[in-house]
Amino acid sequence: MLTIALSKGRILDQSLPLLEKAGINIPKSELESRKLILDTNFDVIKVIVIRASDVPVFVQHGAADLGIAGKDVLIEHGADGVFELLDLGISKCRLMVASKTDKNLNKSTLKVATKYVKSTKEYFYKQGKQIEVIKLSGAMELAPIVGLSDCIVDLVDSGNTLKANNLVPLELIHEISSRLIVNSAAFNTKHSEINDWITKIKKSL
Ligand code: ATP
Ligand code: PRP
């Protein structure tokens, strides 16, 4: 039995065609149901669809053998007990520092709003900058506008969300894309089975 953890939302939309090309189909009726463990065209392959940030947790603990998650989420999680197998090149974006155009970011302690606490701390500490992190779960763009922070660290793709809120991208922290990950123990115990799927997924990229 092989369990694959997929991220809800935009990663799911791009993962399904990729899995399909590799030969794994999830019937529409399964995807539209309220079931949490979905059947596929293989009796021995099940799929769970969960929040993006929970994917590395399920894979780390072996509750899923394989998973697809954004590099942003993998960096935050630390990915202990998880191997990154493939860069799938989907859900590409950039983790960036952004702020209002007229904002002075040369203060002694910068207030940074983000949900990416680990990446943010690492980035600013490397630069020797002192920061106060304000942890948010979403709508980071609001923080500089209402005076909650001096800047934000968030994902940027088209730049439309920043533009719509009169913010500008300033510094690149990481290039982001989704990765295929595996539980390290499962990688040993189910090696040939997992390797077969890696080869098929690689071919479908
Ligand atoms: P959660 O439910 O765990 O809070 P979320 O609301 O951030 O997750 P999504 O917005 O669907 O979920 O983002 C999931 C992943 O998609 C992110 O971890 C990132 O890798 C990628 N992603 C997020 N925003 C973008 C974007 N604008 N363009 C491309 N990829 C993105
Ligand atoms: C993500 C991210 C930005 C936006 C960037 O938000 O947090 O707000 O996409 O994309 P853009 O540069 O193309 O505008 P998302 O749409 O996932 O909403 P959420 O963070 O509230 O889940």
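These are my notebook entries on the surroundings of the two ligands in this predicted model.

**Entry: ligand 1**

I began with the shell. Ligand 1 is surrounded by 16 residues, and the closest are Arg10, Arg51, Ser53, Asp72 and Lys115. I sorted the shell by class and found six nonpolar, three polar and seven charged residues. Looking at elements, I noted that α1 (10–22) and α4 (71–77) each give at least two residues to it.

Next I checked the polar contacts. A polar side-chain atom of Lys115 is 2.8 Å from an oxygen atom of ligand 1. For Arg51, an N or O atom of the side chain lies 3.0 Å from an oxygen atom of the ligand. With Ser91 the backbone takes part: one of its polar atoms is 3.4 Å from a nitrogen atom of ligand 1. On its own the ligand has 630 Å² of accessible area, and the protein covers 78% of that.

I also looked at where this site lies. The space that ligand 1 takes is the largest pocket. Ligand 1 lies between domain 1 (2–91 + 177–204) and domain 2 (93–175), because both give residues to its shell.

**Entry: ligand 2**

Ligand 2 also sits in the largest pocket. Around it I listed residues including Arg10, Glu141, Asp154, Ser158 and Thr161. β9 gives the most to this shell, with three residues. By class I have two nonpolar, four polar and four charged residues.

Technical notes: Residues are numbered from 1 along each chain as its sequence is written. Chains are lettered from A and ligands numbered from 1 in the order in which they are written. This is a predicted model: local features need pLDDT of at least 70, side-chain atom pairs count only at pLDDT 80 or more; totals for chains, interfaces and linings use all residues. Side-chain values use heavy atoms; hydrogens and water are left out. A residue is near a molecule or strand if one of its heavy atoms lies within 4 Å of it. On a 1 Å grid over the protein atoms alone, a cavity is a set of points where a 1.4 Å probe fits but cannot get out, and a pocket is an open set with protein on both sides within 12 Å along at least five of seven lines; lining residues have an atom within 4 Å of a point. A molecule sits in a cavity or pocket if more than half of its atoms lie within 2 Å of its grid points. Helices (H or I, at least four residues) and strands (E, at least two) are DSSP runs, numbered from the N terminus. Ala, Val, Leu, Ile, Met, Phe, Trp, Tyr, Cys and Pro count as nonpolar, Asp, Glu, Lys and Arg as charged, and the others, Gly among them, as polar. A polar contact is a pair of N or O atoms within 3.5 Å; within protein, one must be able to donate a hydrogen and the other to accept it, and residues adjacent in sequence count only if both atoms are side-chain atoms. Accessible areas come from the Shrake-Rupley method with a 1.4 Å probe; for residues, only the protein chains shown count as cover. Domain bounds come from an automatic or database domain assignment.
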